[in-house]
Amino acid sequence: MIRSDALLPILVMLPLSLALLLLLSGRWGRFLSLAGMVLTTALAALLLSHGGQPLHHAMGGWPAPLGIGLRADGLATLMVMMTALVCSAALIYGEYWFDGAKAEQGRQFRPLAWLLWAGVNALLLADDLFNLYVTLELLTLLAAGLAALMATQAALTAALRYLMVALIASTAFLLGVALLYGATGTLALELISIRVAANPQPVLVVAMALMVGGLALKAALFPLHGWLPPAHGGAAPPVSALLSALVVKASFYVVLRLWMGPLAPLTGGVGPVLGVLGGMAIVWGGWQALRQHNLKMVVAYSTVAQMGYLFLAFDLLQGAGYASALNGMVLQAVAHGLAKGAMFLAAGALVVAAGGYRVDQLQGMASRQPLAVTALAVAGISLAGMPPTAGFAGKWLLLQAAWLNGQWLWLAVMLAGSLLTASYLLKVVAVTFLPAPVAASVGCGQRLGGVALMLALLALLAGFAVMPMLQLLAPVATTGGWL
Amino acid sequence: MRVVAHRLIVAGCTVVGLALVYAVVNVQGPAPDLALAVSGALAESGVSHPVTAVLLNFRAYDTLLEVAVMLVAPLVAAALPTTAPAPAKPTNDPVLQALAAVAVPLALLLAIYLLLIGASRSGGAFHAAAVLAGALVLLQLATGRSLPAWLTPTRQQPLLILGLALFCAVGWLSLLLGGYFLGYPPAWAGVMILVIESGLTLSLALALWRLMP
């Protein structure tokens with residue numbers, strides 16, 4: 001009889017094994033991928049049905065300090081579910097996008113996307129510091145490779161620059177891992193937390209700076225965001241969706257895990273720094289998004305701004321607002337993943353239909369690509385934090401945390417950020433309603449837009465599931481994730 | 001502007017370097033109890049070399065993911081548009097050919113030795129694969145041929161994933177039998193590690209070989 005906690009390794013190994021099968025299969029790849037998608041999403045739902053009860057699996061049967069553990073709490077569970085939805089949408093979209101002349105790229109996209117799914121799940125469930133590093137490495141290489149799939153000169157340059165930046169970041173993270181290991185003699189997260197709390201040496205601030213700095217670089221936190229817009233904007237749409245929704249978020253997730261666990265006694269002075277950088281990211285990213293003429297660059301700069309909320313929230317993660325801030329962060333991460341994925345998918349459909357990347361080429365798209373425009377609008381409502389979406393709940397909770405802590409400046413910055421978000425998205429959506437010029441229309445079905453709309457509607461529906469999500473998070477919010 | 005950027009980079013590196021020196025000198029670690037745990041469990045690990053026991057048993061999951069990284073590298077390289085480098089021409093260098101005639105068979109022997117010795121001494125799949133890939137490179141440089149012609153890139157695919165596939169298969173088997181992922185029964189651990197390492201040697205050598213332009 002299979003163990004019930006075997007669910008955790010299966011969530012990693014099923015996508016990984018499928019990727020291997022996809023490397024061998026020819027014509028059957030499409031069906032294999034579809035079947036795997038249903039199965040893996042069902043397993044994520046099964047994890048969800050555990051209701052945030054912590055699950056633990058000792059890899060190899062070796063208990064924690066000797067072996068590696070996998071662990072799922074409410075936070076990991078929600079992120080695994082979000083990952084399943086975004087990956088499924090991107091894979092289905094990929095089947096339509098990489099069609100005909102791009103079939104060869106599609107054959108390469110499929111296994112790499114499945115490996116990415118495995119890598120993200122492995123990172124979300126990791127309970128070991130070095131294992132976190134390995135999963136980050138896997139994601140970095142996959143992200144660079146996927147970004148280069150587009151094979152244009154610009155995409156290759158952006159992908160190579162991303163790879164260089166991410167490798168520097170990985171090295172910094174690894175140095176931090178080595179220092180923490182030297183100071184605590186263990187790699188298991190829970191044990192590190194206990195030992196750091198027992199002896200919070202000042203030198204560990206160096207470890208913290210290296211790890212958080214490296215991860216902030218990987219998560220494109222202002223002013224380290226320069227690599228993101230060309231890399232995410234230049235990639236193929238299903239790839240952009242995976243990168244913006246999942247890969248940058250993975251780095252944020254690692255910061256959050258470390259923040260609540262091993263680094264908790266050391267966070268005092270770092271919170272305000274992340275708060276300031278996050279606040280500047282919200283304003284600068286939003287302003288840049290407003291100024292872009294290339295649709296995909298609007299969406300890419302929007303990622304810089306939205307990641308700003310997640311990092312600003314680290315400064316709210318204190319005092320009376322702690323629980324609200326944590327809940328708000330996680331809801332914002334989930335909502336942004338779904339909405340941003342949908343937005344990049346919709347942008348891809350619009351770019352194909354318009355025959356170009358410029359925003360002013362989108363005239364008449366509201367009637368020619370109604371599904372894609374609806375997807376863009378619905379995802380935009382969630383990003384701007386308007387009810388009834390999950391984005392609204394997340395931003396509301398963050399505002400509440402700032403209110404409870406009396407951090408009025410952050411309150412104002414977040415409100416201004418929402419206004420900026422609404423402005424740049426409204427600007428794009430408004431263009432699509434202008435009468436179409438008498439240009440040759442490019443033949444393009446509604447299927448791409450349809451897939452984007454499905455994901456956008458999930459972002460909307462998540463707004464009605466806020467209460468269950470908060471229940472899942474309740475133990476994490478009160479104990480900092482360690483039970 | 002460029003000068004300012006360079007100075008900023010130098011300043012940044014200096015700060016990081018000094019901080020690292022400060023941290024490494026001042027960090028107080030506990031008594032290393034992990035090494036004791038490794039030697040305590042070594043008898044059940046199926047091998048007698050502690051490093052191999054950590055890599056292929058206690059922390060085999062990390063190794064599995066690292067092998068996935070090693071698989072992604074040639075996959076990504078294959079997906080990139082190539083400027084089609086001219087295939088390395090045989091140099092007709094008699095010295096190189098004489099060297100290859102001696103070194104390649106020796107390297108093959110050494111690779112097998114390193115693979116088998118991994119259980120008890122320093123060695124194992126990664127070392128063996130590096131030597132094997134080196135032999136292939138030498139063969140290519142000396143004769144212009146290395147892998148047989150029928151082993152086209154498409155047909156290399158099964159060989160490329162063999163190591164990771166065996167690793168995954170052992171993991172699935174242990175899960176489906178009701179155990180932990182990659183939890184080998186102590187009696188079988190030695191055999192399973194050797195099977196995985198043999199597959200890894202071939203796959204990693206091919207991955208390294210494929211990355212050579």
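In this predicted model, a residue is called buried if 20 or more other C-beta atoms lie within 10 Å of its own.

Q: What makes both faces of strand β2 of chain A count as covered?
A: On one side of the strand, which spans residues 69-72, stand Gly69(A) and Arg71(A), and on the other stand Leu70(A) and Ala72(A), and these are all buried. Each of them therefore has 20 or more other C-beta atoms within 10 Å of its own.

Q: Why is helix α13 of chain A described as largely enclosed by the rest of the structure?
A: Because 30 of the 33 residues of α13(A) are buried, the helix is largely enclosed. From its first C-alpha to its last, α13(A) reaches 46 Å, which is close to the 48 Å expected at 1.5 Å a residue. The helix is followed by Gly355(A), whose phi is positive, near 75°.

Q: What makes residues of chain A and chain B count as in contact, and how many are there?
A: Two residues are in contact if their C-beta atoms lie within 7 Å, and by this test 50 residues of chain A are in contact with 48 residues of chain B. On the side of chain A that touches chain B, the largest share, ten residues, comes from α5(A). The residues of that side divide into 33 nonpolar, 14 polar and three charged.

Conventions:
Residues numbered from 1 in each chain as written. Chains lettered and ligands numbered in written order. Predicted model: local features only at pLDDT ≥ 70, side-chain atom pairs only at ≥ 80, totals over all residues. Helix = DSSP H or I, 4+ residues; strand = E, 2+ residues; numbered from the N terminus. Expected span 1.5 Å × (residues − 1). Buried ≥ 20, exposed ≤ 12 C-beta atoms within 10 Å, placed from the backbone. Nonpolar A, V, L, I, M, F, W, Y, C, P; charged D, E, K, R; others polar.
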